[in-house]
Amino acid sequence: MKIVSNGDVVWIYDPEKNNVLVRHLTPSEKRPAPAIYTLLTDNITKNYTVEEQGIESINSIPVYKVKLTPHELDREDNTKEYVLWIDSKNMTPLKLQSYDKGNLVLTLEYRNYSMNCVINDDEFTFTIPDGASVVYA
């Protein structure tokens, strides 16, 4: 799958099926930051118990593994737990797992990334391949 967004539209392309889902983002979808950065910029200890889970390795990079558990697990709107893997050298989050009521619901992993780089605007547009079926949602 290839997912591209320019902040207003998201294109989700499945090359195996040669189809594209095109969807305009709602105002609320345009605002949120990726979950991993929202967690890290919030006052984590205000809402979560932080538990160090040791040092592991992701792609030969030593990382701190940290579990975040909400203080109030019984509240229906505050049941998400997170596990973060943070680069021990530069403190960059490399992986996040999100759990809802103990069930894994999301895994994000960052690979081959660059920090503070210049990105061409063309990276945020998608050209629908010839012959692809298109669904507008």
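Okay, a definition to start: two strands pair if DSSP finds at least two bridges between them. Helices here are DSSP runs of H or I with at least four residues, strands are runs of E with at least two, and both are numbered from the N terminus.

Before the details, the ground rules. What you're looking at is a predicted model, so to speak on its own terms: local features need pLDDT of at least 70, side-chain atom pairs count only at pLDDT 80 or more, and totals for chains, interfaces and linings use all residues. Residues are numbered from 1 along each chain as its sequence is written, and side-chain values use heavy atoms, with hydrogens and water left out.

We've got three helices and nine strands, and the order along the sequence is β-β-β-α-α-α-β-β-β-β-β-β. Of the 137 residues, 28% are buried, meaning under 20% relative accessible area with a 1.4 Å probe, protein chains only. As for contacts (heavy atoms within 4.5 Å), take those between residues at least 6 apart in sequence: 33% of them join residues at least 24 apart.

Now the sheet part. Strand β4, residues 48–58, runs antiparallel to β5, residues 61–70, with nine bridges joining them.

Val66, for instance, has Leu84 in β6 as its bridge partner.

Definitions and conventions: Buried means under 20% relative accessible area, exposed over 50%, partly exposed in between (1.4 Å probe, protein chains only).
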